[in-house]
Amino acid sequence: ESFAEVVRNTVEKLELPHQHRRDGTPIVTASVGAALSREQSGAKLERIIHEADRALYLAKASGRNCVHLFDPNDPQTNDESENIAALLKIAINQNLVSMVYQPIQDVENGRVDAVEALMRLNMLDGTSVPPSLFIPVAERTGAIIELGRWSLQTVCTELLAKNHVQLVSVNVSPIQLKAPGF
């Protein structure tokens with residue numbers, strides 16, 4: 001981990017200019033994912049590279065310009081999480097995401113004045129993936145940015161542009177709030 005930090009710090013100290021960064025940082029920085037070989041893993045090179053890549057995703061999700069060491073006991077790095085991460089890469093193009101709308105009712109008159117938009121994800125076989133599983137993975141991998149953009153466009157197209165309701169509540173991730181241009 002200390003060697004990975006030396007690499008990250010060395011890149012930052014080079015102060016290479018980068019005018020096109022969306023976060024406004026004027027220099028090139030590095031996120032580093034690292035993994036250690038372990039006797040029980042068989043130390044296959046492909047596995048170590050895969051683990052370092054998973055750690056890199058976590059480093060980027062932690063705000064970038066940092067180091068993350070792969071931890072085999074971290075629940076964010078389990079195989080189920082990796083399957084969901086792969087699914088999220090194709091979810092929008094394969095129509096695996098959808099929105100459901102929960103009515104928000106005025107308790108005084110019973111009228112539905114608004115709705116809450118809730119995202120749903122299905123596996124390729126149609127099995128539902130709970131938001132409690134896919135949202136943290138989407139945030140960790142950065143897929144939440146594209147999913148969030150899709151959800152806002154879908155709500156506008158399906159409800160607001162057609163005047164079905166006047167007000168829609170859409171949940172937003174802190175990752176989206178930090179994204180330039182949000």
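Mentor: Start with S4 and strand S6, residues 167-170, in this predicted model. They run parallel.

Trainee: How do you know that S4 and S6 pair?

Mentor: Count the bridges. Pairing needs at least two. S4 and S6 are joined by 4 bridges, so they count as paired. One example is Val 115, whose bridge partner in S6 is Val 168.

Trainee: What makes S4 and strand S5 a pair?

Mentor: The cut-off is at least two bridges. S4 and S5, residues 128-129, have 2 bridges, so they pair. Their sense is antiparallel. Leu 121 has Val 129 as its bridge partner in S5. The hairpin of S4 and S5 has 5 residues between the strands. There, Gly 126 takes a positive phi near 95°.

Trainee: How many bridges join S3 to S4?

Mentor: There are 9, and these strands run antiparallel. At least two are needed, so S3 and S4 pair as well. Gln 102 has Glu 116 as its bridge partner in S4. Ser 98 stands opposite Arg 120 in S4. This hairpin has 6 residues between the strands, and Gly 110 takes a positive phi near 80°.

Trainee: Now Ala 114 in strand S4. Why is Ala 114 called buried?

Mentor: Buried means under 20% relative accessible area. Ala 114 has 5%, so Ala 114 is buried. Ala 114 touches Gln 102, Pro 103, Ile 104 and Leu 167, leaving out residues up to four places away in sequence.

Trainee: How far is Ala 114 from Cys 156?

Mentor: In sequence, they are 42 residues apart. In space, the distance is 13 Å, C-alpha to C-alpha.

Trainee: Glu 51 lies in helix H2, residues 45-61. Is Glu 51 buried or exposed?

Mentor: Compare the value with the limit. Glu 51 has 1% relative accessibility. The limit for buried is under 20%, so Glu 51 counts as buried. Leaving out residues up to four places away in sequence, Glu 51 touches Ala 35, Leu 36, Arg 38 and Phe 70.

Trainee: Why is Glu 15 called exposed?

Mentor: Exposed means over 50%. Glu 15 has 57% relative accessibility, so Glu 15 counts as exposed. Its place is in the loop between H1 and strand S1.

Trainee: What is the phi of Glu 15?

Mentor: Phi is about 50°, a positive value, although Glu 15 is not a glycine. Most residues other than glycine have a negative phi.

Trainee: Which residue in the loop between H5 and S6 can we check in that way?

Mentor: Take Asn 163. Its phi is near 55°, a positive value in a residue other than glycine. Its relative accessibility is 57%, and exposed means over 50%, so Asn 163 counts as exposed.

Trainee: What makes the span of helix H1 close to the expected one?

Mentor: H1 covers residues 2-14, which is 13 residues. From its first C-alpha to its last, H1 reaches 19 Å. At 1.5 Å a residue, 18 Å is expected. The two values are close.

Trainee: Which residues have the most contacts inside the largest nonpolar core?

Mentor: They are Leu 88, Val 97, Met 119, Leu 121, Phe 134, Leu 147 and Val 168. This core has 25 residues. Helices H3, H4 and H5 and strands S3 and S4 each supply at least two of its residues. H5 gives the most, with 6. In soluble globular proteins, nonpolar side chains tend to be buried together.

Trainee: What does Phe 134 touch?

Mentor: Phe 134 touches Ile 84, Leu 88, Met 119, Arg 120, Leu 121 and Val 129, not counting residues up to four places away in sequence. There is also a second, separate core of 5 residues. Ala 35, Ile 48, Ala 52 and Phe 70 are among them.

Trainee: Last one. How do H4 and H5 pack?

Mentor: Their angle is about 115°, and their axes are 5 Å apart. Ile 135, Ala 138, Glu 139 and Thr 141 in H4 meet Ala 143, Ile 144 and Leu 147 in H5. The residues of this contact divide into 5 nonpolar, 1 polar and 1 charged.

Definitions and conventions
Residues numbered from 1 in each chain as written. Predicted model: local features only at pLDDT ≥ 70, side-chain atom pairs only at ≥ 80, totals over all residues. Heavy atoms only, no water. Core = buried A, V, L, I, M, F, W, Y, C linked by side-chain atoms within 4.5 Å. Buried < 20%, exposed > 50% of the residue type's maximum accessible area, 1.4 Å probe, protein only. Contact = heavy atoms within 4.5 Å. Axes fitted to C-alpha atoms, helices over the stretch in contact; angles between N-to-C directions. Nonpolar A, V, L, I, M, F, W, Y, C, P; charged D, E, K, R; others polar. Expected span 1.5 Å × (residues − 1).
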